[in-house]
Protein chains: 2
Amino acid sequence: MERKSFADAHCSLARSLDVLGDWWNPLILRECHYGVNRFDGFLQWLGIGRNILTRRLKLLVEQGLLVKRPYQDNPPRFEYHLTPKGYDALVVLMALMPFGEKWSFERGKEPIRLYDRQTGRRIRPVVVDRDTGEPLDPREIYTGPGPSFPRSARVRRARFREYYERNTEE
Amino acid sequence: MERKSFADAHCSLARSLDVLGDWWNPLILRECHYGVNRFDGFLQWLGIGRNILTRRLKLLVEQGLLVKRPYQDNPPRFEYHLTPKGYDALVVLMALMPFGEKWSFERGKEPIRLYDRQTGRRIRPVVVDRDTGEPLDPREIYTGPGPSFPRSARVRRARFREYYERNTEE
DNA sequence: TCGTTGCGTTCCATGTTGCAACCCGCTATG
DNA sequence: CATAGCGGGTTGCAACATGGAACGCAACGA
């Protein structure tokens, strides 16, 4: 059956997954960053089927992660380039790389590395808190409703137990 | 047809996507973090089908992101809990939340927020470089082969053009 | 006894995937 | 001037995967 869409979910994560929760989309974005921008390039490097690729590109363009830009007129040919939104997504994907390295490869045997374009220094992504700069430890984090969480108290209480235990003024 | 597996891909990203490149798996992990650990809980909160849930849980346990732990014997009932690997994955998922917020919701209207368990302070995930602490900007980053990249020069050169242009000693 | 909770499995109508084949406009080759 | 080739798709099809509902089944509880 049709894949469930999370486009209207009250959850930032779910919405992101609507686009990035897929095997191909992230890889296509990666290829764009590598400098592969054309249909044939994706085909070659990813081993994806032509029809699937067509669909994915269309989706990524619709969702604003890529722009389709002509590079010649006769015959019309296009390149796909990352938008600011696409770059934002890429950052998160880069955060995914150390995870893969850590759990799928021997230490020091990663197949791919990131480098700074200016200095040539190696770059290792980590997820930290913006204010403290401390790496995130989910065990020390809890989740609470934000400004636009649906206001059914029953739902909220059940879902964010810890939050309501803490904010006992209610 | 069957989804292509990236389990043997020479790419950390692809391998990560083998597990996380899916709509449900990340959401299941999230629920575990919320304190939802049982079959019925997932069912309720996610609106996922029972059969799909069964499969996903099995996969997540096989892949070592969750452990299945009995909480009663008669009849045998189980809870699913995050492993260290699962927590690692969660960190990356948390990095995905600001992306969803930024591009899918009005500013200041996010439905969900993260807080520090100790201090109660709000937490905002960012992806930075481990050494400099600077936020990642993909435009300033290029990708090169690591220690275990397959040694076909043809492939490498084509793929990591920028890397080889830079390291012109070859 | 009957109903309910918790956790699955089985079945089925649709979708989605991957692969191969085809198409179409243009260009380079002989 | 035929024809082969390239870039960029669309179409057709068989093999799965998905979501929904129905069924199973053991242990309570009333």
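Predicted model: local features only at pLDDT ≥ 70, side-chain atom pairs only at ≥ 80, totals over all residues.
Now look at where they touch. The contact draws 77 residues from chain B and 77 residues from chain A. On the chain B side, the elements that put in two or more residues are helices H1 (12-20), H2 (24-34), H5 (84-104) and H7 (161-166), plus strands E3 (112-116), E5 (125-129) and E6 (141-145). H5(B) supplies the largest share of that side, with 18 residues. Sorted by class, the side of chain B that touches chain A holds 38 nonpolar, 16 polar and 23 charged residues. And 100% of the interface residues of chain B are also interface residues in chain A, so the copies meet through the same surface.

With H5 in mind, follow the helix to its partner copy. The axes of H5(A) and H5(B) come within 10 Å and cross at roughly 180 degrees. Angles over 145 degrees count as roughly antiparallel, and H5(A) and H5(B) are therefore roughly antiparallel to each other. From H5(A), the contact uses Lys85(A), Asp88(A), Ala89(A), Val92(A), Ala95(A), Leu96(A), Phe99(A), Lys102(A) and Trp103(A). From H5(B) come Lys85(B), Asp88(B), Ala89(B), Val92(B), Ala95(B), Leu96(B), Phe99(B), Lys102(B) and Trp103(B). By class, this contact of H5(A) with H5(B) has 12 nonpolar, no polar and six charged residues.

H5(A) also meets H1(B), and here the geometry is another story. The two helices pack at an angle of about 85 degrees, with their axes 7 Å apart. H5(A) and H1(B) are therefore roughly perpendicular to each other. On the H5(A) side you'll find Leu93(A), Leu96(A), Met97(A), Phe99(A), Gly100(A), Glu101(A) and Ser104(A), which meet Ser12(B), Leu13(B), Arg15(B) and Ser16(B) in H1(B). The residues of this contact split into five nonpolar, four polar and two charged.

The buried set runs through Ser12(A), Leu13(A), Ala14(A), Arg15(A), Ser16(A), Leu17(A), Asp18(A), Val19(A) and Leu20(A). What do they pack against? Both chains take part: H2 and H5 of chain A, together with H2, H5 and E3 of chain B.

That mention of E3 leads on to the strands, which also link the chains. E3(A) and E6(B) pair in the antiparallel sense over five bridges, and Arg113(A) stands opposite Gly144(B) in E6(B). Turn to E3(B) and you can trace an open sheet of three strands, in the order E6(A)-E3(B)-E4(B), with antiparallel pairing. The edge strands are E6(A) and E4(B) (122-123), each of which pairs on one side only. Within chain B, E3(B) and E4(B) pair in the antiparallel sense over two bridges, and Leu114(B) stands opposite Ile123(B) in E4(B).

Methods
Residues numbered from 1 in each chain as written. Chains lettered and ligands numbered in written order. Contact = placed C-beta atoms within 7 Å. Helix = DSSP H or I, 4+ residues; strand = E, 2+ residues; numbered from the N terminus. Nonpolar A, V, L, I, M, F, W, Y, C, P; charged D, E, K, R; others polar. Pairing = 2+ DSSP bridges. Axes fitted to C-alpha atoms, helices over the stretch in contact; angles between N-to-C directions. Parallel < 35°, antiparallel > 145°, perpendicular 65-115°, else oblique. Buried ≥ 20, exposed ≤ 12 C-beta atoms within 10 Å, placed from the backbone.
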